[in-house]
Amino acid sequence: MAFDYDKYIRPGKLPHIWCPGCGHGIVMKGLIRAIDALGLEKNKTAIVSGIGCASRLPGYMDFCTLHTTHGRGVAFATGIKFARPEMQVICVGGDGDGVAIGGNHFIHACRRNIDMTYLIMNNNIYGMTGGQFSPTTPLGAKASTTPYGNPDPPFDIAKLAIGAGATFVARGTAYHANQIDKLLVEAIKHKGFSVVEILDSCPTTYGRRNKYRSVVEMMNNLKDVAVSVKAAENMSPEQLQGKVLTGVLYKESKPEYVAEYQKIIAAAQEAV
Amino acid sequence: MAKKIALLQGNEACAYGALYAGCSFFAGYPITPSTEVAEVMARELPKVGGKFIQMEDEIAAMAAVIGASLTGMKTLTATSGPGFSLKQENIGYACITEVPCVIINVMRGGPSTGMPTGPSQSDVMQAKWGTHGDHPAICIVPASVQELFTETVRAFNLSEKYRTPVTVMPDEIVGHMREKIEFPEPGDIPVINRTHPSVSPEEYKPYDTRFGDVPPLAAFGSEYRFHVTGLNKTADGFPTTRAEVVQMEEERQLRKIEENVDEIVTYEEYLLDDAEVAIVAFGSTARSARFAINEARKAGINAGLFRIITYWPFPDKQISALATKVKSIIVPEMNLGMTIHEVRRCAAGNAEVSGIFRVDGEPINPGQILDMIKEAGK
């Protein structure tokens, strides 16, 4: 029997705003499958976002959902998780939202290791505002604000997350649809701040400016650049040139913020 | 039984007032001269099972406070000038989404870094106009340590009752002064909690105006689930650009405050019955004014004080009436002229209105005000 996505979609809230060929819908379906696999309770799950195309995702999902201000999703989500530790908190957004305007919140949430999952749909562009370059736009790429090619070096989101102290970091692509839910299941199960970056594509504002002739070509590009962590073990540096690692990139166990604060409450109450 | 009495700093009194009101969540960022609020909350909240978090910046602190409030908690943040500017983005979010929360802004000099340790009263316009777009504003300007306690309780009550952020703004002098405070016993001051939905989860809408201009607010994590967005929205919380809905919703959000002005606006009148010269002041400046008025009375000038306690909504009706009774109104304030424009608007030419403005980091002293009263009383 086909998977019943409708069970998790709010009645009457589709169609979504995403353009034909956008990968965000693929990612949302992956998130739904992950939530289903984990059996998360709708009333005990908050899905939070910032601003941008990807940040419209919570509105379609039948959970406690919060569409906030640009880049601040993780900070709002921190308030929810810290106030109600029994809730499962998933934050979603795009590359500009997450690591440009939200960069400070991002690195500090990684450092704090608060138990939530941050799903970043990285399409290398500000789509909603019409295709300005983002902190993940490759050097030389064309955007509406880099008409002569991008001179501004990009972030590697996964490396940034690891460097900032995230305790679970994974990467997938919108092409590898069947891997998305598997990565998210692991991320949500992980106790601590987990980051899942899904490489995505924006045919409308990125593809047409950068000589991708079709959605299929953009999808094939995601397929071609991705190399699984496992496959990479047997590849030379030359073979890995221009490739992007996918799979679980980093995982460690560290004290989690909310659990640590519970100890503070217990100690303070004992002292009273 | 004798009440518990203590010598307390104004900022500390804010924190204890918040705890009295049932605040169980604080998110903040260090900034002079408000940090003591955070320090007391960091120490006291875990004792009562509450949560304190120091966030990475002012914006995040405001965001966390709103997120936590949506789970049903009463939440507080505290800041000063530059931090208050940074918080404006998410204060606007709390306004349009109608999420209760209280912001303490201890006023220091500005603009920008200005004079971090100097007193000021120059954030009063920012409290109303600081975030973009039309939105309601409630702002309280206490003048003593005791009042910082009781007015912080009232701020929580107003915030919960009207589903709106409320700002409490002592100037640095009031925030940092130490005075005797008498702790109210539980029950002495009423504590108001937000209205929870009476309908089933299936029927619930977060902006359901069938229940009036302040619709009940459910909590995330309860049996109710709903959507919240900073976009203009319909009753069910989902985005809309439908002209008539947007217009109606924005008007309702202003109306829920405007139609309750008489309940929200508070002030104190001192020796105004026979006054020819009235001082309109607030915060520490009102304390100087009271001293000056007593001196003026000794010199035979009938002076009186109108002390603003609730700054927004502005006491329009009361100031208008005052202007028809007195010859002259003096507005001393630690800025270069903000309240005076509101007073002139309300006075509508019925009384002479003049000001004393000071932004040099020194308080406006009674002597300055007395000189002005004598001038006006001639």
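Visitor: Why does B:Lys180 count as exposed?

Guide: A residue is exposed if 12 or fewer other C-beta atoms, placed from the backbone, lie within 10 Å of its own, buried if 20 or more do, and partly exposed in between. B:Lys180 counts as exposed because it has 11 C-beta neighbours inside 10 Å. This is a predicted model, in which local features need pLDDT of at least 70 and side-chain atom pairs pLDDT 80 or more, while totals for chains, interfaces and linings use all residues. Residues are numbered from 1 along each chain as its sequence is written, and chains are lettered from A in the order in which they are written.

Visitor: Which strand holds B:Lys180, and which residues does B:Lys180 touch?

Guide: Strands are DSSP runs of E, at least two residues long, and helices are runs of H or I of at least four, numbered from the N terminus. B:Lys180 lies in strand E8 of chain B, residues 178-183. Contact requires C-beta atoms, placed from the backbone, within 7 Å. Leaving aside residues up to four places away in sequence, B:Lys180 touches B:Ile5 and B:Leu7.

Visitor: How many residues of chain A are in contact with chain B?

Guide: There are 33, in contact with 34 residues of chain B. Helix H3(A) gives the most to the chain A side, eight residues.

Visitor: Which strand of chain B is joined to E2(A)?

Guide: Strands pair if DSSP finds at least two bridges between them. Three bridges join E2(A) to strand E9 of chain B, residues 227-229, and the two run parallel. A:His67 stands opposite B:Thr229 in E9(B).

Terms used:
Contact = placed C-beta atoms within 7 Å.
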